[in-house]
Number of protein chains: 2
Amino acid sequence: MAIENGDFVRVNFTGKTKETDEVFDTTYDEIALEADIFDENKTYKPIPIVVGGNHLLPAIEEEIVGLEAGDRKTVEVASDDAFGPRDPKAIQLIPMKEFKKQGMTPYPGMRISAEGGEGKILTVNGGRVKVDFNHPLAGKDLVYDIEVTEIIEDDEEKIKSMIELHYANPNVDIDKTEISIEDGVVNIQMDEMSKFDQQSYMDVTFARFRISKDVWENIEGVTKVNFVDAFEKREEKEEDEEVAEEVTEATEE
Amino acid sequence: MAIENGDFVRVNFTGKTKETDEVFDTTYDEIALEADIFDENKTYKPIPIVVGGNHLLPAIEEEIVGLEAGDRKTVEVASDDAFGPRDPKAIQLIPMKEFKKQGMTPYPGMRISAEGGEGKILTVNGGRVKVDFNHPLAGKDLVYDIEVTEIIEDDEEKIKSMIELHYANPNVDIDKTEISIEDGVVNIQMDEMSKFDQQSYMDVTFARFRISKDVWENIEGVTKVNFVDAFEKREEKEEDEEVAEEVTEATEE
């Protein structure tokens, strides 16, 4: 069946600049390796999105509408629909002494982080350093090769796919998520290991909010999403040992 | 009714060393001020405990058994039942160069943190620094003035009291906790603000585990405690704004 807005799908993609054919992002490991952008912290596999959910560039999601599972398509995205035009005001002169203060020796091509965001040093001339704070892809027309690998039909699988998208944690097995849906309320109980996440509670809350929003906006009838952490009395062994074991497991991985 | 083991109570106390009458801990603000140990990050009020739950020194909890609400009692605790004897091996000689490495200038009375725990510098002699890693109250007999202010009877209030004891967060209003108990399962939904806790998820899990354990060990029939974070679809305003507002509120406080 042709894909509509609001459908949950999995897609592979490779993004290139139109002018130079340079690959800047991909879901295929072999292409990442070939383009020398392979990131060992990243998992290369189709990513789950909601079509029209702003998970990819809107211009790409529009082109996915009407495709079917297994379809491939090449999509051109003009710079205005991608990362916008280059802004000359985003090129700034910074006094060399600001770099010295931080013990940095700037050189052309160096990438830096500043309050204004990420920048790339263009030139170093005496006391002045010219930094470009434009997005690296600003002003560039892009080409994306898209492949729809799956249309997700089952509501529980749709919910799992959004957890996969918004809450990445290498210690957490997504298949251990328990989901129930009743009277418009989704109850999500994740893999035990998610309890031992070392990131802040607030950051987890933001991920949960994004999951919930995608779920209630795109799954008919859902009005509430509960994330449940259960603590159960066990008679067999000391609970202190239990937690200690789980922590050991969590820190060993 | 006389207090038994497993009862949930609120107590005030002041702990002093027997020999010198020095106050080292108290739940009364005026006594803390007088003893010059007032801590502005601490809330001075009766603390909730489970009698026999190891929340205070066991020797003190034993003496609370048999008291009634409103009762006061003075309890002597021998050092062996408090922080143990002083261990001569916990007094160590540390080369001065270890302090220099860290840019520290040790002096007698200075408190330091090391891998072995907290220590107090006794003497500084040339290249050697003598540090006492014994607990400051080791080897001391103690006197506690105890006042039982309340016996908590209601199960929901018992659960709230354990949240108060194990999960301290100045932004969270304990009275906004929603609790339901059904078929031995306790469902706890805390104040919205708890979602924006900046400590790690794992630390919150440890607090929840301690709450759950005290609950299932001391409230008849409870076998499971669920902590629920609910995310609800609201039609009136943009949810992104909503979260943004809550975060602003959280960071402003």
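1. Let's start with Lys195(B), which counts as buried at 5% relative accessibility (buried means under 20% relative accessible area, exposed over 50%, and partly exposed in between, with a 1.4 Å probe and protein chains only). The side chain of Lys195(B) meets that of Glu192(B) in a salt bridge, 3.0 Å from N to O; a salt bridge is a side-chain nitrogen of Lys or Arg within 4 Å of a carboxyl oxygen of Asp or Glu. Glu192(B), at 29% relative accessibility, counts as partly exposed.

2. A word on where these values come from. This is a predicted model, in which local features need pLDDT of at least 70 and side-chain atom pairs count only at pLDDT 80 or more, while totals for chains, interfaces and linings use all residues. Residues are numbered from 1 along each chain as its sequence is written, chains are lettered from A and ligands numbered from 1 in the order in which they are written, and side-chain values use heavy atoms, with hydrogens and water left out.

3. Back to Lys195(B): its charged end sits over the ring of Phe231(B), 4.1 Å from the ring centre. The rule here is that NZ of Lys or CZ of Arg is within 6 Å of the ring centre and within 35 degrees of the ring normal. In chain A, the charged end of Lys195(A) sits over the ring of Phe231(A), also 4.1 Å from its centre.

4. Which ring pairs with Phe231(B)? Over all chains the structure holds 13 aromatic pairs (rings of Phe, Tyr and Trp, the last by its six-membered ring, pair if their centres lie within 6.5 Å; planes under 30 degrees apart count as stacked, over 60 as edge-to-face and the rest as tilted). In one of them, the ring centres of Phe227(A) and Phe231(B) are 5.7 Å apart and the planes are at 90 degrees, so the pair is edge-to-face. Phe227(A) lies in strand 12 (residues 224-232) of chain A and Phe231(B) in strand 12 (residues 224-232) of chain B, so the pair joins two chains. Helices (H or I, at least four residues) and strands (E, at least two) are DSSP runs, numbered from the N terminus. Phe227(A) is buried at 2% relative accessibility, and Phe231(B) is buried at 5%.

5. Now look at the whole interface. Here 33 residues of chain B are in contact with 33 residues of chain A, where contact means heavy atoms within 4.5 Å. The two chains bury about 3,400 Å² between them, 66% of it on carbon and sulfur atoms; buried area is the accessible area (1.4 Å probe) that two parts lose on being put together, summed over both. The rule finds 2 salt bridges across the interface of chain B and chain A. Asp229(B) and Arg208(A) meet through their side chains in a salt bridge of 3.3 Å, N to O.

6. How many salt bridges are there over all chains? The count comes to 30. Asp132(B) and Arg86(B) form one of 2.9 Å, N to O, and this pair links distant parts of the chain, 46 residues apart: Asp132(B) is in strand 8 (residues 128-132), and Arg86(B) is in the loop between strand 4 (72-77) and strand 5 (91-95) of chain B. Asp132(B) is buried at 8%, whereas Arg86(B) is partly exposed at 45%. In chain A, Arg10(A), Lys45(A), Glu150(A) and Glu164(A) are linked in a network of salt bridges.

7. Helix 5 (residues 201-218) has 18 residues and reaches 26 Å from its first C-alpha to its last, close to the 26 Å expected at 1.5 Å a residue; the expected span is 1.5 Å times one less than the number of residues. Of its 18 residues, 14 are buried, so helix 5 of chain A is largely enclosed by the rest of the structure. The buried residues of helix 4 of chain A include Ile159(A), Met162(A) and Ile163(A). The buried residues of helix 4 pack against several elements of chain A, among them strand 1 (8-17), strand 9 (142-152) and helix 5.

8. Finally, a backbone detail to check. Asp36(A) has a positive phi of about 65 degrees although it is not a glycine. Asp36(A) lies in the loop between helix 1 (29-34) and strand 3 of chain A, and is exposed, with a relative accessible area of 71%.
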